[in-house]
There are 4 protein chains.
Amino acid sequence: MDLIRAGVIGTGYWGPNIIRNLADMRDAQLYAVCDRIPERLEHVQRRYPSAKTFTDYHQMLKDPALDAVAIATPVSTHYAIAKEALEAGKHVFVEKPLTDSTKRARVLTQLAKKKKRVLMVDHVFLYSAPVRKMKEVIDSGQIGDIYYFDSVRVNLGLFQKDVNVIWDLAPHDLAIMDYLIGARPLSVSATAVRHIKGSGKEDLAYITVRYPKQIIAHIHVNWLAPAKIRQILIGGAKRMIVYDDTNPSEKIKIYDKGINPVKSAFRQIDYRLGDMWAPNLDTGEALRRALGHFVDCIHHRRTPLTDGHAGTRVVKLLEMADRSARLHGKEISF
Amino acid sequence: MDLIRAGVIGTGYWGPNIIRNLADMRDAQLYAVCDRIPERLEHVQRRYPSAKTFTDYHQMLKDPALDAVAIATPVSTHYAIAKEALEAGKHVFVEKPLTDSTKRARVLTQLAKKKKRVLMVDHVFLYSAPVRKMKEVIDSGQIGDIYYFDSVRVNLGLFQKDVNVIWDLAPHDLAIMDYLIGARPLSVSATAVRHIKGSGKEDLAYITVRYPKQIIAHIHVNWLAPAKIRQILIGGAKRMIVYDDTNPSEKIKIYDKGINPVKSAFRQIDYRLGDMWAPNLDTGEALRRALGHFVDCIHHRRTPLTDGHAGTRVVKLLEMADRSARLHGKEISF
Amino acid sequence: MDLIRAGVIGTGYWGPNIIRNLADMRDAQLYAVCDRIPERLEHVQRRYPSAKTFTDYHQMLKDPALDAVAIATPVSTHYAIAKEALEAGKHVFVEKPLTDSTKRARVLTQLAKKKKRVLMVDHVFLYSAPVRKMKEVIDSGQIGDIYYFDSVRVNLGLFQKDVNVIWDLAPHDLAIMDYLIGARPLSVSATAVRHIKGSGKEDLAYITVRYPKQIIAHIHVNWLAPAKIRQILIGGAKRMIVYDDTNPSEKIKIYDKGINPVKSAFRQIDYRLGDMWAPNLDTGEALRRALGHFVDCIHHRRTPLTDGHAGTRVVKLLEMADRSARLHGKEISF
Amino acid sequence: MDLIRAGVIGTGYWGPNIIRNLADMRDAQLYAVCDRIPERLEHVQRRYPSAKTFTDYHQMLKDPALDAVAIATPVSTHYAIAKEALEAGKHVFVEKPLTDSTKRARVLTQLAKKKKRVLMVDHVFLYSAPVRKMKEVIDSGQIGDIYYFDSVRVNLGLFQKDVNVIWDLAPHDLAIMDYLIGARPLSVSATAVRHIKGSGKEDLAYITVRYPKQIIAHIHVNWLAPAKIRQILIGGAKRMIVYDDTNPSEKIKIYDKGINPVKSAFRQIDYRLGDMWAPNLDTGEALRRALGHFVDCIHHRRTPLTDGHAGTRVVKLLEMADRSARLHGKEISF
């Protein structure tokens with residue numbers, strides 16, 4: 001089986017992680033790196049002398065030896081680059097969110113199908129051990145019917161210039177929600193606020209997604225939080241899950257419910273938690289697993305878990321949340 | 001100064017705590033206790049043999065020696081009991097929320113004024129050390145302009161028969177919010193869901209309150225959560241606060257903001273937290289301080305911090321949240 | 001079955017907790033309270049008007065109606081009071097440690113036997129839910145052979161006037177150790193240091209107890225610690241336990257061991273933890289259970305779990321630790 | 001200024017981290033890598049194609065272009081390799097501990113002096129932000145006189161074949177202790193136990209080091225612990241420090257002491273903690289700073305903070321601890 005020759009476009013925040021993982025993989029090769037800023041490329045060249053470097057991605061995409069590209073550029077550029085890459089016959093791995101509009105996401109999805117190329121969006125948490133474990137536990141029926149999905153993803157953030165906090169952070173939560181609930185949502189509503197004058201972008205948002213059967217999902221994303229909180233609560237009819245991504249050793253806790261009768265003249269009953277179980281989780285980097293899945297899908301002509309359709313679903317939710325926020329939280333139905 | 005002779009109506013969940021504190025105070029006396037269930041009164045009598053007991057509160061209120069009553073009965077009964085007590089010339093301490101409607105809250109407030117009696121609602125967190133410390137820190141200007149108030153109060157709850165989770169848990173958060181922000185809100189919206197068939201009451205709700213100057217408050221209350229979370233984040237222009245009520249030793253943390261330039265070819269800037277400061281807090285029970293304040297207000301003819309007006313503001317917010325929830329989260333303006 | 005008429009001697013730090021629990025019990029009665037300080041008795045009388053009060057315990061012990069006494073006075077007085085009480089035919093509940101010398105502990109133990117009275121030492125943690133759960137888990141064989149018992153009990157302490165930190169804090173750890181390991185120790189060594197000039201008492205100590213089969217126990221007690229740590233680690237051949245008494249919701253965690261092969265060119269193997277399980281624990285106050293056990297033993301003429309022999313074993317260990325500390329940590333064999 | 005051409009010997013557990021950091025530095029160059037296992041070298045070559053590779057370190061040391069070596073091999077081999085490297089005129093960076101005997105550590109120290117080469121031992125925690133912050137805080141006088149240093153470093157460990165847990169883990173704690181206390185110890189005692197049959201190495205140890213002025217240091221190292229604990233408590237006359245290395249965001253907490261008079265009939269005084277302050281810490285990898293310091297020392301002909309003398313002090317303490325452990329914890333004076 002041939003090595004996949006992969007190129008990376010964009011070496012800003014996330015690109016270096018893709019580069020490092022590609023360089024370390026056995027069935028792929030870090031073939032080329034592209035960035036508009038020459039100083040960044042110098043650094044890459046020193047670390048990875050065998051990689052070709054480009055300041056113009058059009059040039060890079062013309063290289064017939066290149067099999068695949070990973071796009072880690074600002075969201076507004078995803079569409080044009082991914083489109084050109086697919087048209088040049090390359091397999092494409094795109095940072096989340098897939099594009100800045102549902103329409104464009106659909107165009108890319110169709111194009112990948114037509115060109116028979118792998119199009120994968122980096123919903124990276126879906127390749128992390130905690131999310132995989134939650135999926136396994138939910139699918140096994142241990143949780144029972146899902147009641148709610150509540151996600152908080154807040155920190156003192158890197159302000160993004162081209163997108164607001166919804167487009168920056170919520171793709172993670174929406175992708176996890178979409179994966180774990182596995183149903184079609186009914187409606188979206190959102191509230192978003194901007195506090196920093198002149199920045200022009202909302203820094204805090206609350207998003208509510210309704211599903212059939214009274215399932216409700218709620219997401220709090222925030223660039224102005226004093227502490228890093230990354231916590232998802234999932235309530236079910238039988239058990240409940242707490243996923244705390246900042247806990248170094250026990251990220252997933254699964255709780256039995258319990259009811260303790262209290263023998264007291266004053267109180268009759270006390271609802272309490274039952275046993276808690278924290279499964280051991282694989283270590284290993286989620287991005288590494290994501291890139292491994294991408295390379296596998298290329299080799300075996302498979303559709304990735306986070307294909308164009310998954311990417312489109314998340315972009316659609318982001319678009320609806322943004323629209324609801326502009327309409328003062330009006331509930332927008334699908 | 002005479003001892004205040006206080007009676008307690010209702011010995012269910014919270015009443016025993018009021019009884020214990022009154023029995024322990026130096027400037028008040030546990031004079032009488034009323035409950036419809038005789039077995040509960042037996043227990044009280046054994047513990048507090050000097051207290052009179054009643055199964056009928058009308059009887060108790062006729063006792064001319066009684067100075068004040070604490071009402072710890074279901075919400076729907078607050079109005080009738082408090083009204084009768086005020087009319088009988090008693091000072092009144094009522095469990096939160098003050099009443100089940102704004103109109104009734106206003107009637108009680110007016111009646112207390114007319115009768116020159118103290119009417120105090122037990123917004124108990126306003127008498128707790130963490131909330132008092134936050135108020136002090138905010139008023140000192142250390143936080144700067146407030147950007148947001150975000151509260152999560154979830155646990156595996158005691159299902160209430162007469163009220164939903166908004167009326168059960170959110171009074172705490174709305175009272176703290178009202179106290180700390182100290183401004184008039186513009187609008188309320190809320191989403192609430194019920195999951196348990198037949199219970200008929202919403203078990204999970206999200207409430208959003210908007211204030212002038214882009215201040216936003218958001219409250220998550222939930223009876224179906226796997227773990228007890230009681231956390232308030234307050235973001236400000238200069239500093240930020242995390243109040244974690246489940247942390248046994250560091251309930252309040254105040255964070256400086258910081259920006260660290262990162263010397264890396266890849267990343268240009270990294271927003272990070274500055275120093276954190278956890279002030280030492282008084283120990284001592286909040287309810288004890290609340291009851292002490294009530295007795296002080298009676299002795300010195302003062303208006304309590306959590307008077308009828310404060311109680312009315314919270315009931316108004318609860319009513320609006322409930323109404324918004326029935327209208328699918330429609331934003332309701334004041 | 002008659003109510004046990006119980007008296008409490010000493011209303012300093014721990015006495016009020018005994019008083020409160022006795023007053024609340026159904027099969028015992030708070031019959032009398034004794035303290036040399038009249039102001040303290042006034043407070044008790046206000047709260048518990050039906051209890052007799054004494055400033056002289058000799059007087060109290062003469063009361064023929066008194067069935068049992070709880071002794072919560074300084075350690076140096078335990079022996080004389082307990083002896084007089086047993087001789088007067090009372091059942092005796094003594095605060096830990098039982099006495100200030102092994103010899104005296106043995107005298108009390110013999111006297112109780114001769115007088116056919118219950119003598120129980122308040123090794124209160126043995127009646128707490130976490131320690132009971134650990135005992136159950138160890139006895140079930142789930143842990144396998146015990147390798148070590150490591151306890152840290154440190155805080156910014158109440159300096160005791162009559163005893164050092166070993167006699168003040170270590171009785172808890174030694175009692176838990178004795179209960180859970182359930183074997184005869186071989187030797188004790190200890191290091192103790194005093195830092196505060198003029199206080200005359202050691203404020204920090206490390207105690208090592210060796211058992212057969214390479215079982216080792218180690219205890220760190222400290223009055224000068226910045227934070228409250230109460231943690232016990234128990235290592236076994238199959239599983240391991242962490243007991244963190246400051247964790248409000250998950251005091252006991254039981255870990256499976258695991259070994260994960262790591263697929264990396266660099267590292268061959270990675271020892272990692274397996275699943276973790278945190279059993280739900282009863283709530284309820286340990287002291288309440290201890291007093292309930294005392295009253296049960298009186299009623300049914302049973303020997304308490306923490307009888308004179310258990311109390312003597314702990315005093316013996318304390319004496320040996322103290323002696324080793326004076327000999328620069330010399331190992332002292334039984 | 002010329003690039004330092006550095007070689008790394010040993011690519012097992014820690015070597016890859018040294019390789020990665022050297023490859024990333026601007027004033028050093030990853031010139032060569034040596035390992036006896038060819039498969040490991042293949043991996044290195046793929047990742048760092050410009051580095052020379054050797055399976056025989058004697059060959060590598062003969063390369064006149066090589067300026068410096070980092071030795072990351074088993075402890076028993078440190079002496080021979082470091083000696084040969086210094087004799088060949090190379091600067092030497094050695095993993096902790098410096099050697100397996102004090103005598104050998106002194107020989108290397110003298111040899112480095114004679115050859116005018118930098119000899120640095122990788123006491124890596126001394127280059128970490130938390131330890132540097134503690135040193136700064138202690139030196140500023142904020143802590144007052146040090147009372148004690150208590151370190152716990154336990155986890156489910158990688159069993160070492162050539163050394164016991166004292167030689168494996170305690171070098172970290174002893175190096176931090178030596179650096180922060182900055183005084184000459186008086187004596188060492190230790191207890192060590194082995195539990196796993198056939199392994200032949202102690203897996204758990206307690207080490208006590210005494211200093212003048214009643215300063216005491218105590219170290220608990222353990223390969224058989226259920227959870228990873230890395231915690232250092234430092235008690236001082238004025239303030240106290242807790243360093244929890246597993247806390248992702250607040251590794252260093254500095255506590256004021258406080259005494260709160262409690263107004264209660266029962267309790268007279270309550271020692272409590274004062275405010276707590278958690279300083280912001282630099283991020284950045286400790287090993288990177290250590291290697292940067294090594295390269296700086298070479299360039300500017302300076303003596304490193306962790307030079308041969310520092311390395312010798314730690315080896316001396318390890319030797320004494322080992323000897324005391326074999327003598328059942330006998331206190332061994334310097």
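**Entry 1: A72(D)**

I looked up what A72(D) touches beyond its neighbours within four places in sequence, and found contacts with V8(D), I9(D), G10(D), G12(D), W14(D), G15(D), I18(D) and E95(D). Two residues are in contact if their C-beta atoms, placed from the backbone, lie within 7 Å. This is a predicted model, in which local features need pLDDT of at least 70, side-chain atom pairs count only at pLDDT 80 or more, and totals for chains, interfaces and linings use all residues. Residues are numbered from 1 along each chain as its sequence is written, and chains are lettered from A and ligands numbered from 1 in the order in which they are written.

I placed A72(D) in the loop between β4 (68-71) and α4 of chain D. Helices (H or I, at least four residues) and strands (E, at least two) are DSSP runs, numbered from the N terminus. Is A72(D) buried or exposed? I noted A72(D) as buried, because 23 other C-beta atoms lie within 10 Å. The cut-offs are 20 or more such atoms within 10 Å for buried, 12 or fewer for exposed, and partly exposed in between, with C-beta atoms placed from the backbone.

**Entry 2: helix α4(D)**

I then checked α4 of chain D, residues 75-87. The helix has 13 residues and reaches 19 Å from its first C-alpha to its last, close to the 18 Å expected at 1.5 Å a residue. The expected span is 1.5 Å times one less than the number of residues. I listed V75(D), H78(D), Y79(D), I81(D), A82(D), A85(D) and L86(D) as its buried residues. G89(D) follows α4(D) and has a positive phi, near 85°.

**Entry 3: chains A and B**

I superposed chain B on chain A with a rotation of 180° and 0.0 Å of shift along the axis, at RMSD 0.0 Å. The two copies are thus related as by a two-fold rotation axis. Of the residues of chain B, K330(B) comes closest to the axis, at 3.2 Å (C-alpha). I also noted that 100% of the interface residues of chain B are interface residues in chain A, so the copies meet through the same surface.

**Entry 4: domains of chain A**

The domain assignment, automatic or from a database, gives domain 1 (4-124 + 286-307) and domain 2 (126-284 + 316-333) of chain A. Their C-alpha centres lie 29 Å apart. I found 16 residues of domain 1 of chain A in contact with twelve residues of domain 2 of chain A. On the domain 1 side, α8(A) gives the largest share, five residues.

Terms used: Least-squares fit on C-alpha atoms with pLDDT ≥ 70 in both.
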